[in-house]
Amino acid sequence: AAVDDGSSPVIQLLSPFLFFGRTYWQIYVNNNGHLTFNQPSSAYVPYSFPARGSQDIIAGLWTDLDNRQRGVVSYRQYTSGNVLTRAAQDINTHFPNLNFIASWVFVATWDKVAYFSLTNTETSFQVVFISDSHFSFILMNYGEIAVTTHRVQAGYDTINSTHYIVINGSNSGSSISNLRNSSNVSVSGRWAFRVDGGQHISDGKVFTFP
């Protein structure tokens with residue numbers, strides 16, 4: 001809904017999502033650019049990761065966004081079709097030798113959303129959850145990102161910060177537009193993470209823009 005600091009209703013997942021040892025069957029898409037599992041969040045000022053807090057949070061771009069003025073926040077789940085095929089191709093490219101076959105994809109999109117009090121700005125990004133009920137991955141896709149004086153952050157943080165990611169530059173509003181040119185998988189504007197708790201996880205690191 002177009003509500004300042006709003007959230008989606010609780011979304012029942014069509015497949016369980018394993019996030020660093022915890023299995024979730026529900027999620028909330030929060031308008032201010034992040035996703036939470038146990039309860040919605042209206043927080044518009046990001047805290048710094050690692051926070052060593054009490055919740056798992058995935059921040060595509062956590063900042064003060066306002067979809068009342070401009071843009072659309074949406075989400076969709078897939079359990080069949082071309083989206084699963086594409087997801088499997090991407091994961092097998094980014095994480096070779098897994099022979100991964102996607103069975104479920106959840107896509108949350110912030111499309112041309114304005115920053116609060118800056119109605120002429122547009123910021124676009126996606127957070128994509130991909131799973132086969134055993135392996136779990138998160139893709140963060142960045143389009144045009146407007147610079148801002150608001151506090152910002154992108155990445156994720158787990159309960160007690162046992163695993164966390166801060167995408168470098170994502171905590172600076174003046175350089176945030178560089179997200180569309182950065183990557184950890186050699187695809188401009190894309191960051192990919194394995195988050196089920198298995199190997200090949202780059203946690204606790206700050207990535208550098210190429």
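A salt bridge is a side-chain nitrogen of Lys or Arg within 4 Å of a carboxyl oxygen of Asp or Glu. The model shown in these views is predicted: local features need pLDDT of at least 70, side-chain atom pairs count only at pLDDT 80 or more, and totals for chains, interfaces and linings use all residues. Residues are numbered from 1 along each chain as its sequence is written, and side-chain values use heavy atoms, with hydrogens and water left out.

**View 1. R22 and D56 form a salt bridge.** Their closest N and O atoms are 2.8 Å apart. R22 sits in strand β2 and D56 in the loop between β3 and β4, so the pair ties together parts 34 residues apart in sequence. Strands (E, at least two residues) are DSSP runs, numbered from the N terminus. D56 is buried, at 3% relative accessible area. R22 is partly exposed, at 25%. Buried means under 20% relative accessible area, exposed over 50%, and partly exposed in between (1.4 Å probe, protein chains only).

**View 2. E122 and R70 meet in another salt bridge.** The N to O distance is 3.0 Å. E122 belongs to strand β8, while R70 is in the loop between β5 (65-66) and β6, 52 residues apart. E122 is partly exposed at 35% relative accessibility. R70 is partly exposed as well, at 31%. The whole structure holds eight salt bridges. D4, D66 and R68 are linked in a network of them.

**View 3. The largest nonpolar core has 38 residues.** Such a core is a set of buried Ala, Val, Leu, Ile, Met, Phe, Trp, Tyr and Cys residues joined through side-chain atoms within 4.5 Å. F19, L35, I58, F106, W110 and F129 have the most contacts inside it. Strands supplying at least two residues each include β1 (11-19), β8 (118-131) and β12 (190-194). β7 gives the most, with six residues. Beyond four places in sequence, I58 touches residues including F19, L35, F129 and Y156. A contact means heavy atoms within 4.5 Å. Apart from this core lies another, of 18 residues, among them A87, F95, F100 and F135.

**View 4. Y47 and W62 form an edge-to-face pair.** Rings of Phe, Tyr and Trp (its six-membered ring) pair if their centres lie within 6.5 Å; planes under 30 degrees apart count as stacked, over 60 as edge-to-face and the rest as tilted. Here the centres are 4.8 Å apart and the planes stand at 80 degrees. Y47 is in the loop between β3 (34-36) and β4, and W62 is in strand β4. W62 is buried, at 1%. Y47 is partly exposed, at 30%.

**View 5. Y75 and F106 form a stacked pair.** The distance is 6.1 Å centre to centre, with 15 degrees between the planes. Y75 lies in strand β6 (residues 72-78) and F106 in strand β7, so parts 31 residues apart in sequence are tied together. F106 is buried, at 0%. Y75 is partly exposed, at 38%. Both rings belong to one aromatic cluster, which also includes F17, W104 and F193.

**View 6. S136 is a buried residue of strand β9.** Its relative accessible area is 1%. The side chain of S136 reaches the backbone oxygen of L18 at 2.9 Å. Beyond four places in sequence, S136 contacts residues including F17, I130, R194 and D196. R194 and D196 themselves meet in a salt bridge (2.9 Å, N to O). R194 and D196 are buried.

How values were computed. Helix = DSSP H or I, 4+ residues; strand = E, 2+ residues; numbered from the N terminus. Polar contact = N/O pair within 3.5 Å; in protein donor to acceptor, adjacent residues only side chain to side chain.
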